[in-house]
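Try each task before reading its solution.

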Amino acid sequence: MYAVVITDEGGARRKLDFPKPELTVGRVQGNDIVLSKRNVSKQHARLTLKGEQAVVVDLNSTNGTWVNGRKISSPQSLKRGDKIYIADFIITLEQPSADSERASSAPRVSEPPPLPAKQSIPTHSTMPPQSSMPARRPMSPRRSIAADSRTPAGPTDVRGTSLPPRIERRETGEARLPARTETQTPIADPLGALMSRLAGRMDIDNVDSAAMKNQERWSAARAAIAETFLSMQTDGSVNADVDMRQVAHIALHEAVGLGALDDVLSDESVRTVVVKGPSHIFVDRGEGLDAASLKFSSEGALHRVARRLAAGSGQTLEAQPVLHGRLSFGPRLTIMQSPLVVKGPVIELRIGSTKSLEQLAEAGWMSGDAATYLAKAVAECRNIVVAGPRGSGVAEVMSALARELPETENTVVIEAVPDLDIDRDRMVSLIATDSGISLGEAIQHGTRLEAEHLVLNDLSGADTMTALVAVLGREPGHLLGVHSWSTKDAIEGLLLAAGCGGAERACVAQLVGGAVDLVVAVQRGPEGRRVSGILEIQGHEAGDVSFQSVPF
């Protein structure tokens with residue numbers, strides 16, 4: 001009989017019995033062990049028990065399953081003491097017993113050692129006042145790592161090596177000084193001091209994307225942080241009232257991962273993240289950008305994370321004022337830096353919607369009847385324009401519509417930046433900014449490819465006209481995402497966007513009337529993003545487009 005012990009990155013542990021021969025591990029409900037972080041796959045791994053032998057199997061997860069620091073590619077037998085690494089979690093198997101319960105309270109490498117208990121001077125003590133002074137002898141200029149990492153043997157050692165003189169003064173009746181925390185700006189910032197010392201123990205400037213997934217590196221960083229904290233505790237450079245567990249959490253992610261962004265990206269409700277400096281992080285959970293309480297320890301830490309994000313998209317930041325890309329686990333990335341921005345870098349991460357039309361309806365974007373109508377329109381190969389201002393949800397609706405296209409037919413997707421979330425075998429994706437050409441040029445090249453369907457996104461201005469011309473010369477069944485100025489009059493916004501290239505209004509109206517069957521208007525209001533109308537194009541006359549609103 002085994003028990004499953006789950007340790008998160010902060011050191012918190014929970015223990016579950018192994019009551020059946022098979023357990024599944026994943027991010028979503030329905031798994032036996034639910035690890036609610038974005039870097040855990042929906043169905044990540046499986047644990048089986050055959051007799052007395054436990055086996056772990058990776059279920060084709062995105063970030064992999066690791067045993068004792070090595071990534072597994074086939075079923076891996078486990079022995080007692082083996083550590084299974086899944087994202088930020090460590091899973092171990094042990095036999096439930098009184099001894100193992102007592103052992104679970106011991107310090108672990110995934111958390112800093114506990115702060116020493118405060119010692120008070122007994123009132124009945126006959127010890128002379130000066131007897132405590134010899135214990136605080138001057139320390140040698142440099143201490144060895146081994147000496148710093150020793151755990152104090154008992155209360156006498158704690159008073160002699162861990163508590164600074166100010167602790168003794170607190171017993172005198174003098175006014176107590178305010179406690180220092182990591183959110184204040186004390187004379188000696190514990191997080192900054194910890195990162196500075198940690199840099200002497202490990203390479204915190206490593207920006208290799210593979211290193212961020214190396215579980216051995218994460219384990220080594222946890223151990224180095226624990227030893228560094230113990231050294232700071234021993235020489236009295238850390239205030240005993242500081243929550244060093246939180247400081248250690250931030251230090252771990254800045255040393256190996258994406259710093260404050262790791263916490264944000266693990267939240268399933270987050271849609272957009274914008275970073276405008278070490279202390280200015282804004283998060284959109286579907287209702288607009290709000291300031292977050294998270295921050296980076298320094299400008300250097302933010303620049304380091306920016307380089308890791310760039311590496312994660314397969315690029316480098318050197319000599320690039322603007323970088324667009326997509327991270328391996330889904331988010332779309334934009335980084336802007338000097339000389340384009342005065343104080344940078346500025347980072348934006350957008351997490352695309354993977355919702356279908358039916359799921360958008362369930363989330364309140366539209367009615368169920370509207371979702372059914374749009375799915376039928378795609379199946380009938382009608383040309384559909386999704387129009388709305390930037391940030392109103394054009395990409396989300398476009399992605400849902402594109403999922404309704406037949407998987408047995410070829411599709412060409414053309415965007416200015418990678419914004420849509422579509423994943424299928426018979427699809428060619430073209431990104432204009434990655435190739436250094438304009439979106440209009442990418443449309444001209446991409447539409448020469450053999451495909452039944454075009455998905456053209458991020459259209460505005462003259463590019464809208466180019467897209468309409470490309471669609472008009474093909475068989476129907478295409479999707480266009482247009483950023484227009486108006487949510488109240490989507491047709492007028494479409495006409496103005498297409499006419500920015502200098503074409504006469506009558507010509508533009510004739511083009512829209514001949515190339516477009518439906519216009520789906522989206523907007524963002526107090527209640528969030530939603531479809532505000534579905535307009536069926538009837539024709540054109542005298543520079544105007546006639547249409548009928550579809551009631552839902």
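**Exercise 1.** Classify how α8 and α10 are oriented to each other, and list the residues that meet.

*Solution.* α8 and α10 are oblique to each other, because angles under 35 degrees count as roughly parallel, over 145 as roughly antiparallel, 65 to 115 as roughly perpendicular and the rest as oblique. The axes of α8 (residues 244-256) and α10 (residues 299-312) cross at roughly 50° and come within 9 Å. Axes here are lines fitted to C-alpha atoms, for helices over the stretch in contact, with angles from 0 to 180 degrees between N-to-C directions. Next, the residues: from α8, His-253, Glu-254, Ala-255 and Val-256 meet Ala-301, Arg-304 and Arg-308 of α10 (contact means heavy atoms within 4.5 Å).

Before going on, note that this is a predicted model, where local features need pLDDT of at least 70, side-chain atom pairs count only at pLDDT 80 or more, and totals for chains, interfaces and linings use all residues. Residues are numbered from 1 along each chain as its sequence is written, and side-chain values use heavy atoms, leaving out hydrogens and water.

**Exercise 2.** Is Ser-549 buried, partly exposed or exposed, and which residues does Ser-549 contact beyond its neighbours within four places in sequence?

*Solution.* Start with the strand: Ser-549 belongs to β25, residues 544-549 (strands are DSSP runs of E, at least two residues; helices are runs of H or I, at least four). With a relative accessible area of 47%, Ser-549 is partly exposed (buried is under 20%, exposed over 50%, partly exposed in between, with a 1.4 Å probe and protein chains only). Finally, Ser-549 is in contact with Ile-534 and Leu-535.
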